[in-house]
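Subject: The structure for you to look at

Hi there,

Here is the structure I promised to pass on to you. Please open it next to this email and follow along as you read.

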Amino acid sequence: MRHTRMVCGARLPYLGVMHLGDVLSLQAKSTRRAPAVSFEFFPPKTEAGWAPLFRTISEFTELAPSFVSVTYGAGGTTRDKTHALVLRIRRETPLEPVPHLTCVGHTRDDIRRILELYAVNGVETILALRGDPPTGAKFHSLGDFRHAADLVRFIRDEGARLGVHGGRGFCVGVAGFPEGHPETPNTLHQLDHLKAKVEAGADYIVTQLFFDNHAFHDWRERCNIAHICVPIIAGIMPIPSMQGLQRMADLAAGTRFPAALLRQLAQAGGDVRAVEDAGIEWAEQQCRDLAAHEVDGVHFYTLNKSDATKRVCRALECARA
Ligand SMILES: Cc1cc2nc3c(=O)[nH]c(=O)nc-3n(C[C@H](O)[C@H](O)[C@H](O)COP(=O)(O)OP(=O)(O)OC[C@H]3O[C@@H](n4cnc5c(N)ncnc54)[C@H](O)[C@@H]3O)c2cc1C
């Protein structure tokens, strides 16, 4: 079932040929400057997790996201579930599914087979990532691709060969790190590496989650100076709990937690509800500020839950209006 999709705030019939890169660029150039919204999910760990996840996904449908993305386990445990979830979203919802695809541990043939599966099922956009190797592993033993830029190039070539988007190839997104990536302390080099991904054919950038908008604004300006001109989508996650905060600090190493945010969380004390409210309010403020700074898009890390993200989204809607 394919129904409609949103472009620049207008609901257009789904034509099956629209390139997400064009949709995002159009939205970014629109005089209304309404940021695109998108949502990230991860595959359910158990069979029983599928039905609640699909209820959550259907709740997000009414917010007319530009796309929804599905994470990929670089460790290898959930890879088939990623494919299954992406294909179900494609078949059963009007949403544009974007699979994450990491190249660590994959050969060219592995990636080719995955791309063929997506191409024949009408999945035409991929978020191309390197992934993180298991601790202590050597890169040369970890597949045919060293950096995400190599994967981007391969996906573009394969997409053209497979006739995706009439031979234009897959639309490709890549990751950006406003507060830096732990492996590259030299921030000038890091910008070069991001630019290499765009020059290899990336159509848009989705950022790592961040809580300090100043860092994002400054990084976006540096991208601009470096002539990185594709749409940049800001990654936002409302802090769900104090344990969630710890997990984020581990997973998104290097992310700054501003003192004002930590103060609000500390004031919430041990009250679970108050912590969640503080996380939502912080994310709402971030979104209002991002909309005021004409961000191209906001990507929500949903943790497969709808309530907090929907509340934050409403704040963004108000700012957009
Ligand atoms: C939006 C988003 C979604 C993500 N989704 C997933 C997911 O689903 N599954 C998952 O496992 N992980 C995911 N990740 C995590 C990601 O895989 C890791 O952060 C990984 O370490 C970096 O991936 P990358 O694609 O940016 O790699 P790259 O662009 O290859 O960069 C990795 C490191 O290598 C450096 N580098 C790049 N090119 C060169 C070069 N030519 N010479 C020297 N150094 C270089 C970069 O500066 C960086 O430090 C996601 C991250 C983001 C921001």
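Below is what I found in it, starting with the whole protein and then going into details.

**Before you start**

This is a predicted model, where local features need pLDDT of at least 70, side-chain atom pairs count only at pLDDT 80 or more, and totals for chains, interfaces and linings use all residues. Residues are numbered from 1 along each chain as its sequence is written.

**The whole protein**

The average pLDDT (the predictor's confidence in each residue, from 0 to 100) is 90, and 90% of the residues score at least 70. Please take care with residues 1-15: pLDDT stays under 50 there, and the model has 30 contacts beyond four places in sequence for them. Two residues are in contact if their C-beta atoms, placed from the backbone, lie within 7 Å. Of the contacts with a separation of 6 or more, 78% are between residues 24 or more positions apart.

You will find eleven helices and ten strands. These are DSSP runs, numbered from the N terminus: helices are H or I with at least four residues, and strands are E with at least two. Of the 321 residues, 42% are buried. Buried is used for a residue with 20 or more other C-beta atoms within 10 Å of its own, exposed for one with 12 or fewer, and partly exposed for those in between, with C-beta atoms placed from the backbone.

**Strand S4 and its neighbours**

Strand S4 (residues 67-70) is covered on both faces, with Phe67 and Ser69 buried on one side and Val68 and Val70 buried on the other. Strands pair if DSSP finds at least two bridges between them. S4 runs parallel to strand S3 (residues 36-41), joined by four bridges, and also parallel to strand S5 (residues 97-102), joined by three bridges. Valine 68 stands opposite phenylalanine 39, while its bridge partner in S5 is proline 97.

S3, helix H2 (residues 50-61) and S4 form a right-handed β-α-β unit. Right-handed here means that, with the strands pointing away from the viewer, the path from the first strand over the helix to the second runs clockwise.

**The nonpolar core**

A nonpolar core is a set of buried Ala, Val, Leu, Ile, Met, Phe, Trp, Tyr and Cys residues joined through C-beta atoms within 7 Å. The largest one has 81 residues, and Val68 is among the members that touch the most others, as are Ala128 and Val172. Helix H10 (residues 272-292) gives the largest share of this core, eight residues. Valine 172 touches Ile126, Ala128 and Val152, among others, not counting residues up to four places away in sequence.

**Three residues to look up**

- Arginine 79 lies in helix H3 (residues 79-92). Arginine 79 is partly exposed because 19 other C-beta atoms are within 10 Å. Beyond four places in sequence, arginine 79 touches Tyr72 and Gly73.
- Histidine 165 is in the loop between helix H5 (148-162) and strand S7 (171-176). Its phi is positive, near 50 degrees, and it is not a glycine. Histidine 165 has 21 C-beta neighbours inside 10 Å, so it counts as buried.
- Glutamate 294 sits in the loop between H10 and strand S10 (297-301). Its phi is also positive, about 55 degrees, although it is not a glycine. Glutamate 294 counts as exposed because it has 10 C-beta neighbours inside 10 Å.

Happy exploring!
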